[in-house]
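User: I'm new to this one. Could you walk me through how to read a few of its features?

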Amino acid sequence: MPPPEGSAAPAYPAARLSSFYFSYYAVLGAFTPYWGLYLQSRGLDAAAISVLMSLWYATRIVSPTLWTTLAARSPHPIRWLHLGCLLALACFTLFLLPMAFAGLFAVMFAYCFFYNAVMPQFEAITMSHLGARSDRYGLIRVWGSIGFIVVVAVFGWLIDQDQLGVAALPWLMLPVLAGVLFSALGNRYAHEPEHKAVDPEDGFRVRLKQPPVIAFFVAAFLAQISFGPFYTFFSIYLSEHGYATSTQGMLWSVGVLAEIGVFFLSSHIFRRWDAGRVLMVALLSASLRWCVTALFPDSLPIMVLAQLTHALNFGAFFAAAMQLLVRFFPGRMNGHGQGVFYGLSSGVGGVAGALIAGQLWRFGGETAFLASSAIALLAALIVWHWLVRHASRAAGGAT
C-alpha cells in the first residue's frame, strides 16, 4: 500500500497493519454468515443458536476493557496481543471435537472472549502509528472488509461442494485464524504506551456524562440491537426463502463491497459532512434496509439493493463513530472511549440483539426484521435530536 500523499505525511507500516485487519475480519467472513448454519447442522434449534451466538457479543462487554487494561499495565503490552491471538486459536481447535450443548457453550465462550479481546488493543496500535493522520484510518481498516469479502465468497463456494459442506467449516477456518496470530507477531506499537492505569479523575467520567455522548452511546446500543436478526439468522432466513449457500455468500459480499468504497472515501466524506449527520443518515438507511428485508425476501434484486446499503448502515456508521470517539475522548482517553463503545454497543447491544432476535424469530423472520427497522429509526431520531440539532444550536450560539 502506498504511503499517504504529501511529503509531510509521516510514514507508517501500512502493510503490516493492514494484514492484521485482513486476517482478523477474514475469520469473521466465515464466522458471521456461516456459523449459525454450522450450529444448525449440529442439530441445534433457533433458541440454542441465538444463545451461543450471543456469547460473541456477551464477551465484548468485558474482554476488550480487561485486555487493554492488562496491556496498559504491562511493561511489554504487545505480548498481550500475541497471547490473545494464540489463546483464540487454541480454543477454536476444540470445535473439532464432538460436544453437546454444554461443551459448545464453554468453548464458544472461551474462543469469543479471547478473539474479542485483541481488536481494541490493535486499534490503539494502529492509532499510535497514524498519530495526527487519523483520517487515514479508513485506508488501513478497508483491508478488513476485503478479507471479509474474500472469505465469504470462497467459503460459500466451498461449503456448497458435496465433498465438504458446512460441517467442514471449523477445518476451513483454522488456517485463517493462524494467519491472525502470524500477523500479530509481526506488528508492534509505534511507541510503547505508559504502563500505568489511567487516572479516573482525568476528565473521562465527566465526558461520559455529557448529553451528546450519552446519546451517541444509546444510539450505538440500539443500532447493534437492530442488527441482531441479521447477524444471527440472516443466512437461515435466506435458506428458508430458497437461496443457495453460494447466493447467500454473494449477498453478504455485495454489502461489504459497498462498505469498502465508504472506507476509501471516508477522509473526503468527513471533510464535507459532520460525523453526527453521517451517523443519522446511516441509521435511517438501516431502518429502510431491515424494512425491505422483511417485506421483499423473495426478490433477489431488491435484496441485493438492501445489502448495498451496508455501505451506509455499517461502513459510514463505523467511520462516523470513530470520528465522534476522537472528538468526545481525545488523546489518552480515546482507548477507554473505544472500550465503552465496544462494550456497550457490540457487547451489551449485541447480546440483547441476538437474544431478542431468537425470541422474535418464533413469530417469523419478517416480524424480527420489522422490529429491527423500528429500533434503527428510534436510534436515528436520538442522533438527530442530540447530535445534529444540538450541534447546530451550539454552532448558532457560537456565531
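Predicted model: local features only at pLDDT ≥ 70, side-chain atom pairs only at ≥ 80, totals over all residues.

User: Is N116 buried or exposed?

Analyst: Buried means under 20% relative accessible area, exposed over 50%, partly exposed in between (1.4 Å probe, protein chains only). N116, in helix α5 (residues 101-130), is buried at 2%. Helices here are DSSP runs (H or I, at least four residues), numbered from the N terminus.

User: Which side chain does the side chain of N116 make a polar contact with?

Analyst: A polar contact is a pair of N or O atoms within 3.5 Å, where within protein one must be able to donate a hydrogen and the other to accept it; residues adjacent in sequence count only if both atoms are side-chain atoms. For N116 the partner is R60, at 2.9 Å.

User: Which residues of helix α13 are buried?

Analyst: In α13 (residues 300-308) they are M303, A306 and Q307. They fall within an arc of 100° seen down the axis, so they line one face of the helix; the arc is that of the directions from the helix axis to the C-beta atoms. The face turned away carries the exposed P301 and L305.

User: Which helix gives the most to the nonpolar patch?

Analyst: Helix α6 (residues 137-160), with 3 residues.

Note on methods: Residues numbered from 1 in each chain as written. Heavy atoms only, no water. Helix = DSSP H or I, 4+ residues; strand = E, 2+ residues; numbered from the N terminus.
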